Amino acid sequence: MPQQSPETRKALRQRLRRARRQLSFSEQRHAALGLTRQLRHTGLWQGARHIAFYQAVDGEIVTLPALRLAWQQGKACYLPVLHPIKDDHMVFVRIWPGSRLAYNRWGIPEPKAALKHSVSPRRLDLVLLPLVGFDEAGNRIGMGKGFYDRTFAFRRGKCRRPALTGLGHECQKVAEGIAPSAWDVPLDALATPRRYKSIKNRKAL
Ligand SMILES: Nc1ncnc2c1ncn2[C@@H]1O[C@H](COP(=O)(O)OP(=O)(O)O)[C@@H](O)[C@H]1O
Ligand SMILES: [Mg+2]
C-alpha cells in the first residue's frame with residue numbers, strides 16, 4: 001500500500017471526525033447498545049478481569065453501557081489519565097460507579113482519583129481504544145497525538161497483553177485501507193455496533 005502523506009492522513013482524520021460528529025443522539029445511543037451486544041459474548045471480553053474504557057468525546061462511540069455491564073460482571077474498570085511525568089503517555093485509573101471526573105488539558109474528562117489507584121498499562125487484560133478511522137486489517141487512525149501508540153509501544157514486540165480492541169462506528173471505516181506508520185500499534189480486534197472482528201494475522205499473537 002502506498003504511504004499516506006501526513007497531509008492525506010490529516011484530511012482523512014477531518015472527514016472521519018466530521019462523519020462521527022454528525023450522528024444524532026439517538027444514533028449514538030443505539031450504537032452504544034449495539035456495541036455492547038457485540039462485545040459481551042467475545043472471548044476477550046469474557047476472559048478479561050481488568051478492562052480499560054475511555055470517556056467518549058467528539059462523536060466517539062460511547063462506552064457507558066459496556067462499562068455498566070462490566071461493573072455488573074465484577075470486572076475492574078479503568079480510564080486513561082495523562083501520565084504525570086512521562087510526556088504523552090497514559091496511565092490507567094480504576095473507576096467505580098459515581099467516580100468523579102475532571103477535564104484534562106485536552107478537554108477530556110478523566111478520573112480525579114489519586115494516582116494510587118492507577119495501574120501500569122501492562123496490568124490490563126483488554127483495552128478499548130477510540131478510533132477515528134480503521135481498516136479491515138486492524139490499522140488505526142487516532143486523534144493524531146499518538147498517546148495509545150506510545151503507551152502500548154511494548155505491544156509491538158513479543159508481548160501479547162493487553163489485547164487492544166478498537167471501537168468505532170461503521171462510518172469510520174476507511175475502505176481503501178490505512179498505510180500504517182512505523183510507530184503505529186495495530187489492533188487485535190475491531191468492534192462496531194454491527195460486528196466484531198478478531199484480527200488473527202498479527203505477528204505478536
Ligand atoms: N512510540 C512512539 N514514540 C515516539 N513518538 C511516537 C510514538 N508513537 C507515536 N509517536 C508520535 O506521535 C505522533 C502522532 O502519531 P499518529 O500515529 O499520527 O497519531 P494517532 O495514532 O493518534 O493517529 C507522531 O508524530 C509520532 O511521531
Ligand atoms: Mg498512530
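**Entry 1: what I am looking at**
I am working from a predicted model.

**Entry 2: the length of H2**
I looked up H2, which covers residues 25–40. I found 16 residues, and the helix reaches 23 Å from its first C-alpha to its last. That is close to the 22 Å expected at 1.5 Å a residue.

**Entry 3: which residues of H2 are buried?**
My list reads Gln 28, Ala 31, Ala 32, Gly 34, Leu 35, Thr 36 and Leu 39. A reminder to myself: an α-helix has 3.6 residues a turn, so residues three or four places apart point the same way.

**Entry 4: H2 against H4**
Next I checked how H2 packs with helix H4, residues 64–72. I noted an angle of about 40° and axes 8 Å apart. On the H2 side, I wrote down Ala 32, Leu 33, Thr 36, Leu 39 and Arg 40 as the contact residues. H4 brings Pro 65, Ala 66 and Leu 69. Sorted by kind, the residues of this contact are six nonpolar, one polar and one charged.

**Entry 5: H2 against the strands**
I then followed H2 across the strands. H2 lies across E7 (126–130), E10 (163–167), E11 (189–191) and E12. Its angle to E10 is about 155°.

**Entry 6: the sheet**
How many strands form the open sheet? I counted through the order E6-E3-E2-E1-E7-E10-E11-E12, which makes eight strands, with mixed pairing. E6 and E12 (196–198) each have a single partner strand and stand at the edges, so one side of each has no neighbour in the sheet.

**Entry 7: a closer look at E3**
Is strand E3 (residues 90–95) mostly covered or mostly uncovered? I found it mostly covered, with five of its six residues buried. E3 pairs with E2 (residues 76–82) over six bridges, in the antiparallel sense. Here I marked Tyr 78 standing opposite Arg 94 of E3.

E3 also runs antiparallel to E6 (residues 118–119), joined by two bridges. I noted both pairs: Phe 92 stands opposite Val 119 in E6, and Val 93 has Ser 118 as its bridge partner there.

Conventions:
Residues are numbered from 1 along each chain as its sequence is written. Chains are lettered from A and ligands numbered from 1 in the order in which they are written. This is a predicted model: local features need pLDDT of at least 70, side-chain atom pairs count only at pLDDT 80 or more; totals for chains, interfaces and linings use all residues. Side-chain values use heavy atoms; hydrogens and water are left out. Axes are lines fitted to C-alpha atoms, for helices over the stretch in contact, and angles run from 0 to 180 degrees between N-to-C directions. Helices (H or I, at least four residues) and strands (E, at least two) are DSSP runs, numbered from the N terminus. Contact means heavy atoms within 4.5 Å. Ala, Val, Leu, Ile, Met, Phe, Trp, Tyr, Cys and Pro count as nonpolar, Asp, Glu, Lys and Arg as charged, and the others, Gly among them, as polar. The expected span of a helix is 1.5 Å times one less than its number of residues. Buried means under 20% relative accessible area, exposed over 50%, partly exposed in between (1.4 Å probe, protein chains only). Two strands pair if DSSP finds at least two bridges between them.
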